[in-house]
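Dear colleague,

Please find below the sequence and the structure that I am passing to you. A short account of the findings follows.

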Amino acid sequence: MKEICLHGRFGQPVGEIAKKIGNYALEKGYHVQVFNSFAAFRTGFPTFAVIRIDQAEILDRSANEVTPDIVLVLDNSLFSAGNILKGIKSNGTVLALGLDKSVLGDKEGLEFIKLDSYFNDNPSDVGGNIINALKDIAVLA
């Protein structure tokens, strides 16, 4: 099972991107769970979504304790605002725009992928560009 956490700020399409990734995975025959964070939000407040993708049925039903394989960051200011890498697996992958691996600080063993090149051709298709990145790292076929 692959677990993906998307982090952004309220007003960014975190939930819509999570649903788009989930729908794409369903179309490819995967079992999928998508959890969007629910709370009283204000503009700019940190928000997240969790996606689980697997070839087999997913039995875990909680989004409270996640151990993501992949952390996808839509707002780079979140790296300094909180612990968005909490629970990431020791060999996990972080995807972000406009940053380099130095943003990970002293975290060892994590792979960092710059999303910049995925947005060159069609910068407005955020979900599609992220799906392409996930296909390139073999999360989605």
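The largest share of the lining of the largest pocket, 3 residues, is supplied by strand S3 (46-54). Please note that this is a predicted model, in which local features need pLDDT of at least 70 and side-chain atom pairs count only at pLDDT 80 or more, while totals for chains, interfaces and linings use all residues. Residues are numbered from 1 along each chain as its sequence is written, and side-chain values use heavy atoms, with hydrogens and water left out.

The pocket

The largest pocket holds about 340 Å³ of space. Among its 16 lining residues, His7, Phe48, Asn83, Ile84 and Lys86 are the closest to its centre. At least two lining residues come from each of S1, S3 and H2. By type, the lining comprises 8 nonpolar, 6 polar and 2 charged residues; here Ala, Val, Leu, Ile, Met, Phe, Trp, Tyr, Cys and Pro count as nonpolar, Asp, Glu, Lys and Arg as charged, and the others, Gly among them, as polar. A pocket is an open set of points on a 1 Å grid over the protein atoms alone, where a 1.4 Å probe fits, with protein on both sides within 12 Å along at least five of seven lines; lining residues have an atom within 4 Å of a point. Grid points are joined across faces, edges and corners, and the volume is the space filled by probe spheres set on the points.

His7, one of the residues closest to the pocket centre, lies in strand S1. His7 counts as buried because its relative accessible area is 13%, the limit for buried being under 20%, with exposed over 50% and partly exposed in between (1.4 Å probe, protein chains only). Leaving aside residues up to four places away in sequence, the contacts of His7 (heavy atoms within 4.5 Å) include Phe48, Val71, Val73 and Ile84.

The sheet

Six strands make up an open sheet of mixed pairing, in the order S2-S3-S1-S4-S5-S6. Strands S2 (31-36) and S6 (111-114) are the edge strands, each pairing on one side only. Strands (E, at least two residues) and helices (H or I, at least four) are DSSP runs numbered from the N terminus, and two strands pair if DSSP finds at least two bridges between them. From one strand to the next, the twist averages 15 degrees. Helix H1 (residues 14-27) lies across S1, S2 and S3 and runs at about 5 degrees to S3; axes are lines fitted to C-alpha atoms, for helices over the stretch in contact, and angles run from 0 to 180 degrees between N-to-C directions.

Strand S4

In strand S4 (residues 70-73), Ile70 and Leu72 point one way and Val71 and Val73 the other, and all are buried. S4 runs parallel to S1 (residues 2-9), with 4 bridges joining them; Cys5 has Val71 as its bridge partner. S4 also pairs with S5 (residues 93-96) in the parallel sense, over 4 bridges, and Ile70 has Thr93 as its partner there. Thr93 is buried, at a relative accessible area of 9%.

Ser77 counts as partly exposed because its relative accessibility is 33%.

Yours sincerely
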